[in-house]
Amino acid sequence: QVQLVESGGGLVQAGGSLRLSCAASGDTLKNYDLGWFRQAPGNARTFVAAISRSGDFRNYADSVKGRFTISRDNAKNTVYLQMDSLKSEDTAVYSCAADRRYWETNPSKNPGTYDYWGQGTQVTVSS
């Protein structure tokens, strides 16, 4: 199994940027598709971005397309979420997750698909 720890969250002004990191231990991340999800108070957990094992294929929620970029560095056993042009509605706890299943060109948008989760990191965007 794999353990995931997120970092990089914080407080940022609207229009600013943050880069989240998710470091893995216990297994090599190249064996997993990876995803980022977020959950705001009073709301359900929602999909943000996902990336295939190789990094060649990505999925994004419509709300973050053009603003967020998911990437991975398998040599560092880390997945990243670069967040630009942040909006107040991006405020949430962001969690990374690892998916044992092989989805080829379509890494999953469904949180139920993912097997391992980090504890999350808070992102707060002030307006």
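## Charged groups over aromatic rings

The charged end of Arg-19 sits over the ring of Tyr-80, at 3.9 Å from its centre. Arg-45 lies over the face of Trp-117, 4.6 Å from the ring centre. A charge is taken to sit over a ring if NZ of Lys or CZ of Arg is within 6 Å of the ring centre and within 35 degrees of the ring normal.

The model is predicted: local features need pLDDT of at least 70, side-chain atom pairs count only at pLDDT 80 or more, and totals for chains, interfaces and linings use all residues. Residues are numbered from 1 along each chain as its sequence is written, and side-chain values use heavy atoms, with hydrogens and water left out.

## Aromatic pairs

Five aromatic pairs are found in a search of the whole structure. Rings of Phe, Tyr and Trp (its six-membered ring) pair if their centres lie within 6.5 Å; planes under 30 degrees apart count as stacked, over 60 as edge-to-face and the rest as tilted. One of the pairs is edge-to-face because the rings of Tyr-32 and Tyr-116 have planes at 85°, with centres 6.1 Å apart. This pair links distant parts of the chain, 84 residues apart: Tyr-32 is in the loop between strand E3 (18–25) and E4, and Tyr-116 is in strand E10 (residues 116–117). Strands (E, at least two residues) are DSSP runs, numbered from the N terminus. Tyr-32 has 4% relative accessibility and therefore counts as buried; Tyr-116, at 18%, also counts as buried. Buried means under 20% relative accessible area, exposed over 50%, and partly exposed in between (1.4 Å probe, protein chains only).

The rings of Phe-37 and Phe-47 have their centres 5.8 Å apart and their planes at 70°, so this pair is edge-to-face. Phe-37 in strand E4 and Phe-47 in strand E5 are 10 residues apart, and both are buried. Phe-37 and Phe-47 form one aromatic cluster with Tyr-114 and Trp-117.

Strand E5 (residues 46–51) is mostly covered, with five of its six residues buried. On one side of the pairing scheme, E4 (residues 33–39) joins E5 in the antiparallel sense over five bridges; two strands pair if DSSP finds at least two bridges between them. Leu-34 stands opposite Ile-51 in E5. The hairpin of E4 and E5 has six residues between the strands, and Gly-42 takes a positive phi near 80° there.

E5 also pairs with E6 in the antiparallel sense, over three bridges. These two strands form a hairpin with six residues between them, in whose turn Gly-55 has a positive phi of about 90°.

Asn-59 belongs to strand E6 (residues 58–60) and is the bridge partner of Ala-50. Asn-59 is buried because its relative accessible area is 13%. Its side chain makes a polar contact with the side chain of Asn-106 at 2.9 Å. A polar contact is a pair of N or O atoms within 3.5 Å; within protein, one must be able to donate a hydrogen and the other to accept it, and residues adjacent in sequence count only if both atoms are side-chain atoms. Not counting residues up to four places away in sequence, Asn-59 touches several residues, including Phe-47, Pro-107 and Lys-109; contact means heavy atoms within 4.5 Å.

Asp-90 lies in the loop between strand E8 (78–83) and strand E9 (92–99). Asp-90 counts as buried because its relative accessibility is 0%. Beyond its neighbours within four places in sequence, Asp-90 is in contact with Arg-38, Arg-67, Phe-68, Ser-85, Val-123 and Val-125.

Key:
Helices (H or I, at least four residues) and strands (E, at least two) are DSSP runs, numbered from the N terminus.
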